[in-house]
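Trainee: I have a structure open and would like to go through it with you. Can we take it piece by piece?

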Amino acid sequence: MEDEMILRMRAVDIVEDAGFNPVEAVNADEAISILESRSDISLLFTDIQMPGSIDGLKLAHAVHDRWPSI
């Protein structure tokens with residue numbers, strides 16, 4: 001999850017290089033929506049300072065609590 005397009009594109013490259021199939025989100029609300037609709041997500045890569053209802057650190061905690069395998 002990254003709100004700046006250039007940095008998000010670089011993050012996608014990093015995640016692909018690590019052998020994962022990236023799914024992009026621009027904020028925490030979109031990331032949670034994606035996680036709720038898919039069961040094949042195994043990694044969260046997020047920026048900390050993000051627009052929206054919660055930042056990346058709070059998102060990471062929320063994801064850990066709700067989807068501990070991620």
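Trainee: To start, where is Ile34 placed?

Mentor: Ile34 sits in helix α2. A helix here is a DSSP run of H or I of at least four residues, a strand is a run of E of at least two, and both are numbered from the N terminus. Before we go on: this is a predicted model, where local features need pLDDT of at least 70, side-chain atom pairs count only at pLDDT 80 or more, and totals for chains, interfaces and linings use all residues. Residues are numbered from 1 along each chain as its sequence is written, and side-chain values use heavy atoms, with hydrogens and water left out.

Trainee: Is Ile34 buried or exposed?

Mentor: Ile34 counts as buried, because its relative accessibility is 17%. Buried means under 20% relative accessible area, exposed means over 50%, and partly exposed is in between, with a 1.4 Å probe and protein chains only.

Trainee: What does Ile34 touch?

Mentor: Not counting residues up to four places away in sequence, Ile34 touches Val23, Glu24, Ala25 and Ile41. Contact means heavy atoms within 4.5 Å.

Trainee: And how far is Ile34 from Leu7?

Mentor: Their C-alpha atoms are separated by 20 Å, with Ile34 and Leu7 27 residues apart along the chain.

Trainee: Which other residues of α2 are buried?

Mentor: The buried residues of α2 are Ala28, Ala31, Ile34 and Leu35. Seen down the axis of α2, they fall within an arc of 120°, so they line one face of the helix. The arc is taken from the directions from the helix axis to the C-beta atoms.

Trainee: What do the buried residues of α2 pack against?

Mentor: They pack against α3. In detail, Ala28, Ala31, Ile32, Leu35 and Glu36 in α2 meet Leu59, Val63 and Arg66 in α3.

Trainee: How do the two axes sit?

Mentor: The axes of α2 and α3 come within 11 Å and cross at roughly 15°. Axes are lines fitted to C-alpha atoms, for helices over the stretch in contact, and angles run from 0 to 180 degrees between N-to-C directions. The two helices are therefore roughly parallel to each other. That label covers angles under 35 degrees; over 145 is roughly antiparallel, 65 to 115 roughly perpendicular, and the rest oblique.

Trainee: Is the crossing of α2 and α3 left-handed or right-handed?

Mentor: The crossing is right-handed.

Trainee: Now the α3 side. Which residues are buried there?

Mentor: Helix α3 covers residues 56-66, and its buried residues are Gly56, Leu59 and Val63. Seen down the axis of α3, they fall within an arc of 50°, so they line one face. Turned away from the buried side is a face that carries the exposed residues Lys58 and Asp65.

Trainee: What caps the N-terminal end of α3?

Mentor: Asp55 does, with a side-chain oxygen 3.2 Å from the backbone nitrogen of Leu57. At the start of α2, a side-chain oxygen of Asn27 reaches to within 3.2 Å of the backbone nitrogen of Asp29.

Trainee: Different topic. Where is Arg8, and what does its side chain do?

Mentor: Arg8 is in helix α1, residues 5-17. Arg8 is buried, with a relative accessible area of 14%. Its side chain makes a polar contact with the side chain of Glu24 at 2.9 Å. A polar contact is a pair of N or O atoms within 3.5 Å; within protein, one must be able to donate a hydrogen and the other to accept it, and residues adjacent in sequence count only if both atoms are side-chain atoms.

Trainee: Last one: what about Ile70?

Mentor: Ile70 lies in the segment after α3 and counts as partly exposed at 23% relative accessibility. Beyond residues up to four places away in sequence, Ile70 touches Leu35, Ile41, Ser42, Leu43, Leu44 and Val63. Of these, Ile41 is found in the loop between α2 and α3.

Conventions. Left-handed = near helix turned anticlockwise from the far one by under 90°.
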